[in-house]
Amino acid sequence: MTTVITTHINADFDAAASCLAASKLYPGARIVFPGSQERGLREVLLKSGGCFPDTTALKDIDLNKIELLVVVDTRQRARIGVFSNLLDRSDVTIHTYDHHPHSRDDIAADKTYFKPVGANTTLMATLLRRHRIRITPCEATFLALGIYEDTGSFTFQSTTQDDLKAASWLLEMGADLNVVRETLAHKLTPEHIALMDELLTTAVNYTIAGIPITIAKATAPRYIEDLSVLAHELMDMKGLNVLFLMALMEDHALIVGRSRDPKVNVGEILKPLRGGGHPMAASASVKGATLTETEERLISEIYRQLGAEPLVRDIMSCPALSVTPETPIYDIHDTLTRYGISVVPVVQEDKVLGLISRRTVEKAIYHGLAAQPAKEYMTTDFETIGPNETLGRVKELIVEKRQRFLPVVQDKKITGVITRTDLLQILSGDPSRRPEPLIEERWQDRNVSSLLHGECSKNILDILMAAGETAEREGFQVYVAGGFVRDLLLRLPNTDVDLVVEGNGIAFAKRLAERFSARVRAHEKFQTAVIIFPDGFKVDVATARWEYYEYPAALPTVELSSIKLDLYRRDFTINAMAIKLNPKEFGMLIDFFGGQRDLKEKTIRVLHSLSLVEDPTRVFRAIRFEQRYGFKIGRHTLKLIENAVRLNIFKELSGKRISNELKLILNEADPRPALQRAQELGLLGVIHPGLRLTGPILGLLVRLYEVLAWYDLLFKPEKPRKWIVYMLSLCEGLKLEEVAQVADRLGLAGRERALLTNGFAAVRNAAWRLAEISEPRPSLIYSILKPLDLEHLIYMMARAKDDAIKEYISHFITSLMDKTPILKGDDLKAMGLVPGPAFKEILNRLLMARLDGKVETKEDEMEFVAKEFACPMGKTTKGEIDGYAP
């Protein structure tokens, strides 16, 4: 019979020592670790000198031949890797040895050995002693390592008398405590020290159910082992009772929980996050989530476990306002308007049959259906919630499933309702949800007022200070947020001022505008405004809001919220910072989500995993910021981008939204790296499958960049639309009907569409005519190139392979295109010419003569007109001029 002994993934000393003891209880069994081991354990195993039995590599085990599986130091299916595939096989016997509390994920074993002791090794050593199985001093030392590690050298609250008795027996068997002490001594690497510095900077205290709980978070470019070592160090250093360390490493968020408070069971808290452990020590690994998302889940679970999470019955609105299935649409409209609500449940005999929204009602009225009953247009696709469920469940339904209205149902009868506004008020108003820094002077909310004074122009600084004073007077809180803050911290210029107001953003904008005699353009639906100053400078003002997307790629629905929730809706951590402007706290930097850290690490990270699904344009922005600042897209964010492209979530995006983002990329100083990155990620195909950066097109883009740089040095007042020129180059080689498809996908219309779709024919025709020139008279070059737009000229110059054609275009742009005759219309009238259609022809002929050097002075031009048109000064009639045919 093939017997295998295994334990949990990322095995520690307690797990390995339990395996060693199990090998004594099951002679001939093979020890197979299901995954990696902690670094300290690996080092000891390498130099154990035969103390630890030989292990078998997982790849060398045939799972089909296993008849008995012995699992130690865990009973959870999710923690034993590939061996979980054996658990439901009838031909495999399962024995488990564990000291962790029972959970729903427990293995259904044929034999279970359980005892709530501090270390699983204690359970195993007790069995060895009971069965009088002898062990060597070396083996006793190894077993002692397991007990001392998992009990914190008998200082953890989970330590029991049995742990001390087992350790005493091991000492009798010759265990060497010097080896134990040296092995378990915490040895910090330079990577640990760097991580500890970040943990100290980000550590915050929450007071939940009266218990101080510290949460610290950090990121690392690669996996760093022994995070638990830092947990012990930080707890001892700052005298903490409950600590959760979170570290984003590669695409996993690792959590280590430690507790010295018997009321806080970290094992139970981390269990729903697919973790496990003891009441006083536990860990979890969360894959496929951002650090921010993981933190929110952890905090919600802490509230739930400590009973501090409010229940639905505590926050619901009751009694529930409702309508019947037969209520006419026009009556529902009156009800919604009278009570100022957006959704009402359709109820019959206290049972919720459906929901009907203001949007549906207004559409029905618009289509002449006001007399129809509610049952015809209500939605029956909705979730309900019970009065004893928690706020976490409310958040799941409202945020993750985007159901903005929840009927509360008990015994199949409606007892109340919860709305998004109810949830927002709880999240933004609960003082216990406001963290305090562990180390005040090192917290992320540092003051940057000196940076504002040093980097901002006097004009912008005056506006920011006036905004703070206005908000203070009106009883609001105001912040400058987003890209302005990002670039300020990077010491880069940015005049894009985005103000966020906790209060009425439109009312605030009007008050601030009065101070500067500015005007306001308001957008009531989104509660936003633009202040337009007398010199044309603009400032955006938004009401702090939480955006919900009704479907992927949709425009947002807006609700009032706090600044934290407002920042959480932003695209990337580096854009989710704000600076408070109220006078008493002017310059206070607000950074809930690690934006400063990611600026330092030069990393682009989304705040949550659905970010790109809700707004796919963020993919284009990620590429633009990555290339503009020389950053890199974080591993998890990159996976989300690849997934978004694979699922083609861009198909729901309007052409206008795609073209807006594409224009921003193409108008960058050098868009070529961003375009190459877009091709790597498959984004060019989102616009049109024919768009590809082939070798010839890459070469064209290089020449185009050089031509644009050359044109900039001419300092001409007319500036080309760079994005059009680059789009012409990207579409090089497409058929005309495919170019039209590109224009359709980008939602181009009018002049923009014409510049793209008509450009190729105009450029090719002009190039053909220039190539046919035998005598390059300036007037001929002018007549060929003058009808072209500046964008077409620059594109034509970049794609031209004939040096002569390049010289013609260069000569036209630098010397010919701005030439005009000295004589004007008034001069012609002074010569006796009567205004008429021929004026244009006269001036055109005069210009051609000037270009070819036939005339130079005003007198030359007057003589040319008189001679060429046979109209001596003062003797020409209107009829003669109009009838002239050149």
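Salt bridges first. A search of the whole structure finds 44 of them. Keep in mind that this is a predicted model. Why look for such pairs at all? Because side chains of opposite charge can pair when their charged atoms come close.

Start with Arg77. Arg77 pairs with Asp88, and the closest N and O atoms are 2.8 Å apart. Where do the two sit? Both Arg77 and Asp88 are in the loop between β3, residues 66-72, and β4, residues 93-98. They are eleven residues apart. Now the surroundings. Arg77 has 26% relative accessibility, so it counts as partly exposed. Asp88 has 62%, so it counts as exposed.

Next, Arg597 and Glu198. Their side chains meet in a salt bridge, at 3.8 Å from N to O. Look at the elements here. Arg597 lies in helix α21, residues 595-601, and Glu198 lies in helix α7, residues 190-202. So this pair ties together parts that are 399 residues apart in sequence. Buried or exposed, these two? Arg597 counts as buried, at 11% relative accessibility. Glu198 counts as buried too, at 14%.

Third, Arg628 with Glu668. The closest N and O atoms are 2.8 Å apart in this salt bridge. Arg628 is in helix α23, which covers residues 617-629. Glu668 is in the loop between α25, residues 655-666, and α26, residues 672-680. The two parts tied together are 40 residues apart in sequence. Arg628 is partly exposed, with a relative accessible area of 37%. Glu668 is buried, with 15%.

Some salt bridges share partners. Which residues do they join into one network? Asp571, Asp615, Arg618, Arg621, Arg624, Arg657 and Glu661.

Now to a sheet. Seven strands form an open sheet here. Read the order with me: β19-β20-β21-β18-β17-β24-β25. The pairing is mixed. As background, strands of a sheet pair through backbone hydrogen bonds, either parallel or antiparallel.

Which strands stand at the edges? β19, residues 519-523, and β25, residues 588-590. Each has a single partner strand, so one side of each is left without a neighbour in the sheet. Within this sheet, neighbouring strands are turned by 30° against each other on average, direction ignored.

One last stop: Ala374. Where is it? In the loop between α13, residues 358-366, and α14, residues 391-400. Its relative accessibility is 0%, so Ala374 counts as buried. What does Ala374 touch, leaving out residues up to four places away in sequence? Thr324, Pro325, Thr327, Ile332, Val346 and Ile356. Then there is Val361. Ala374 and Val361 are 13 residues apart in sequence, and their C-alpha atoms are 8.9 Å apart in space.

To recap the stops: the search with its 44 salt bridges, the open sheet of seven strands, and the buried Ala374. That's the tour.

How values were computed. Residues numbered from 1 in each chain as written. Predicted model: local features only at pLDDT ≥ 70, side-chain atom pairs only at ≥ 80, totals over all residues. Heavy atoms only, no water. Salt bridge = Lys/Arg side-chain N within 4 Å of Asp/Glu carboxyl O. Helix = DSSP H or I, 4+ residues; strand = E, 2+ residues; numbered from the N terminus. Buried < 20%, exposed > 50% of the residue type's maximum accessible area, 1.4 Å probe, protein only. Pairing = 2+ DSSP bridges. Axes fitted to C-alpha atoms, helices over the stretch in contact; angles between N-to-C directions. Contact = heavy atoms within 4.5 Å.
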